[in-house]
Amino acid sequence: QVQLVESGGGSVQAGGSLRLSCAGSGRIFSSNAMAWYRQAPGKEREMVATISSSGTTNYADSVRGRFTISRDNGKNTVYLQMNSLKPEDTAVYYCNKGVMTISGTYYPVDWGQGTQVTVSS
């Protein structure tokens, strides 16, 4: 079973930056699509960014241009660089290992425990 452990969350003022990390186990990490999701209080969990095994990325409209997803297969780690943070980015952020179809549709499979990000105005 794949284990995903997030780190890097915290509190920051609006306009600041944070970098989240997700360390994964398993020798097939490099062949998997990965993603970051988030869930704010009282809201449904939503996709933030995905990255295919080949490095193709996709972003939610709300974060495009501010967030960057990347991966280091040698370290079995996925990152989410978050810049120009806004109070509405406040949420628990979850790392996910999933399946991506040829058309680019992402299906989440395994979840991390989540890390809290709080952005104050």
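Trainee: Which residue stands opposite Ala 49 in E6?

Mentor: Tyr 59 is the residue that stands opposite Ala 49. Before we go on, keep in mind that this is a predicted model. As for the strands around that pair, E5 and strand E6 (residues 57-59) run antiparallel and are paired over three bridges.

Trainee: How many residues lie between E5 and E6 in their hairpin, and what should I look at in the turn?

Mentor: Five residues separate E5 from E6 there, and in the turn Gly 55 has a positive phi of about 100 degrees. On its other pairing, E5 (residues 46-51) meets strand E4 (residues 33-39), antiparallel again, over five bridges. To find your place in that pairing, look at Ala 35, whose bridge partner in E5 is Thr 50. The hairpin of E4 and E5 has six residues between the strands, and Gly 42 takes a positive phi near 75 degrees in it.

Trainee: In what order do the four strands of the open sheet come?

Mentor: The order is E1-E3-E8-E7, with antiparallel pairing. At the edges are strand E1 (4-7) and strand E7 (67-72), each of which pairs on one side only. From one strand to the next, the twist averages 15 degrees. When you trace side chains here, the general idea is that in a regular strand they alternate between the two faces of the sheet.

Trainee: How many bridges join E7 to strand E8?

Mentor: Six bridges join E7 to strand E8 (residues 77-82), and these two run antiparallel. A handy place to start is Phe 67, which stands opposite Met 82 in E8.

Trainee: Which cysteines does the disulfide join?

Mentor: Cys 22 is joined to Cys 95, with an S to S distance of 2.0 Å.

Trainee: How many salt bridges does a search of the whole structure find?

Mentor: The search finds five. In general, side chains of opposite charge can pair when their charged atoms come close. Take Glu 46 and Arg 38, which form a salt bridge with their closest N and O atoms 2.7 Å apart. Glu 46 is partly exposed, at 35% relative accessible area, whereas Arg 38 counts as buried at 6%. Another case is Arg 64 with Asp 61, at 2.5 Å from N to O. There, Arg 64 is partly exposed, with a relative accessible area of 44%, and Asp 61 counts as exposed at 66%.

Trainee: What about Asp 110 and Lys 97: are they buried or exposed?

Mentor: Both Asp 110 and Lys 97 are buried. Their side chains meet in a salt bridge of 3.4 Å, N to O. Asp 110 lies in strand E10 (residues 106-111) and Lys 97 in strand E9, so this pair ties together parts that are 13 residues apart in sequence. Elsewhere, salt bridges that share partners join Arg 38, Glu 46, Arg 66 and Asp 89 into one network.

Trainee: Which residues make the nonpolar surface patch of about 280 Å²?

Mentor: Val 99, Tyr 107 and Val 109 make that patch. Val 99 is found in strand E9 (residues 91-100). With a relative accessible area of 48%, Val 99 is partly exposed.

Key: Residues are numbered from 1 along each chain as its sequence is written. This is a predicted model: local features need pLDDT of at least 70, side-chain atom pairs count only at pLDDT 80 or more; totals for chains, interfaces and linings use all residues. Side-chain values use heavy atoms; hydrogens and water are left out. Patches are made of residues with over 30% relative accessible area and no salt bridge: like charges are joined within 9 Å, nonpolar side chains (Val, Leu, Ile, Met, Phe, Trp, Tyr) within 5 Å. Accessible areas come from the Shrake-Rupley method with a 1.4 Å probe; for residues, only the protein chains shown count as cover. A salt bridge is a side-chain nitrogen of Lys or Arg within 4 Å of a carboxyl oxygen of Asp or Glu. Buried means under 20% relative accessible area, exposed over 50%, partly exposed in between (1.4 Å probe, protein chains only). Two strands pair if DSSP finds at least two bridges between them. Axes are lines fitted to C-alpha atoms, for helices over the stretch in contact, and angles run from 0 to 180 degrees between N-to-C directions. A disulfide is a pair of cysteine sulfur atoms within 2.5 Å.
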